[in-house]
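Here are my notes for when you have the model open. They are grouped by contact, with the cut-offs given as each term comes up.

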Amino acid sequence: MEKTKLIELLNQALQGEYTDVFSYPREAGIIEEKAISEKFEKFGRMELRHADNVAMQIQILGGKPNWEFALIDTKESIEEILRGHLERETKAVQMYDSLIKLADEEGEDQCVDAALWVQHQVRPQHAGDGPACPDGRRL
């Protein structure tokens with residue numbers, strides 16, 4: 001069943017979000033410029049909310065959230081730190097796109113609702129511009 005794959009992908013997303021819950025505050029501590037450091041602390045709090053929301057979607061679909069995170073090396077320069085986040089965010093968007101497609105194919109209300117939620121999280125400015133769901137809603 002596709003719902004199992006959807007839960008698996010959401011758990012992968014959860015791992016990425018949860019990894020950043022820890023990486024942003026750690027990196028904030030090594031960034032000397034106060035304004036950037038404060039932004040990183042804020043990003044860490046945002047990632048915690050994202051992780052909580054992903055976990056809720058997993059539970060709504062009948063799955064169990066896997067609260068593991070990946071250990072990543074802390075980079076020394078702001079350029080390396082930002083490059084690492086850009087790479088992880090790019091992979092996350094690609095994975096969320098796969099989630100949206102899978103949920104749309106599944107067509108169950110819970111899956112479609114999860115896809116709509118993901119769409120809003122990843123690209124809120126484009127929410128509603130994606131493919132049509134079986135019931136007419138737009139992803």
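1. Which residue forms a salt bridge with K34? The partner is E38, and the closest N and O atoms are 3.7 Å apart. A salt bridge here means a side-chain nitrogen of Lys or Arg within 4 Å of a carboxyl oxygen of Asp or Glu. K34 and E38 are separated by about one helical turn, because they sit four residues apart in helix α2. Helices are DSSP runs (H or I, at least four residues), strands likewise (E, at least two), and both are numbered from the N terminus.

2. A word on what you are looking at: this is a predicted model, in which local features need pLDDT of at least 70, side-chain atom pairs count only at pLDDT 80 or more, and totals for chains, interfaces and linings use all residues. Residues are numbered from 1 along each chain as its sequence is written, and side-chain values use heavy atoms, with hydrogens and water left out.

3. How open are the two ends of that bridge? K34 counts as exposed at 59% relative accessibility, while E38 is partly exposed, with a relative accessible area of 41%. The classes are buried (under 20% relative accessible area), exposed (over 50%) and partly exposed in between, with a 1.4 Å probe and protein chains only.

4. In total, the structure holds three salt bridges. Another one joins K5 to E8, with the closest N and O atoms 3.4 Å apart. Both residues lie in helix α1, three residues apart, about one turn of the helix. K5 is partly exposed at 36% relative accessibility, and E8 is partly exposed at 38%.

5. Please also look at R88 and D20, whose side chains meet in a salt bridge (3.4 Å, N to O). This pair links distant parts of the chain, with R88 in helix α3 and D20 in helix α1, 68 residues apart. R88 is partly exposed, with a relative accessible area of 26%, whereas D20 counts as buried at 4%.

6. Now to the rings: a search of the whole structure finds five aromatic pairs. Rings of Phe, Tyr and Trp (its six-membered ring) pair if their centres lie within 6.5 Å; planes under 30 degrees apart are stacked, over 60 edge-to-face and the rest tilted. One of the pairs is Y24 with F40, which is edge-to-face because the centres are 5.2 Å apart and the planes at 70 degrees. Y24 belongs to helix α1 (residues 2–28) and F40 to helix α2, 16 residues apart. Y24 and F40 are both buried.

7. Y24 also pairs with F43: the centres are 5.4 Å apart and the planes at 65 degrees, so this contact is edge-to-face too. Y24 lies in helix α1 and F43 in helix α2, so the pair ties together parts that are 19 residues apart in sequence. Y24 has a relative accessible area of 7%, and F43 is partly exposed at 29%.

8. Finally, Y18, F22 and W67 form one aromatic cluster. F22 turns up again on the surface, where F22, F69 and L71 form a nonpolar patch with about 320 Å² of accessible area together. Patches are made of residues with over 30% relative accessible area and no salt bridge, joining like charges within 9 Å and nonpolar side chains (Val, Leu, Ile, Met, Phe, Trp, Tyr) within 5 Å. Accessible areas come from the Shrake-Rupley method with a 1.4 Å probe; for residues, only the protein chains shown count as cover. L71 is found in the loop between α2 (34–60) and α3 (78–106), and L71 is exposed, with a relative accessible area of 74%.
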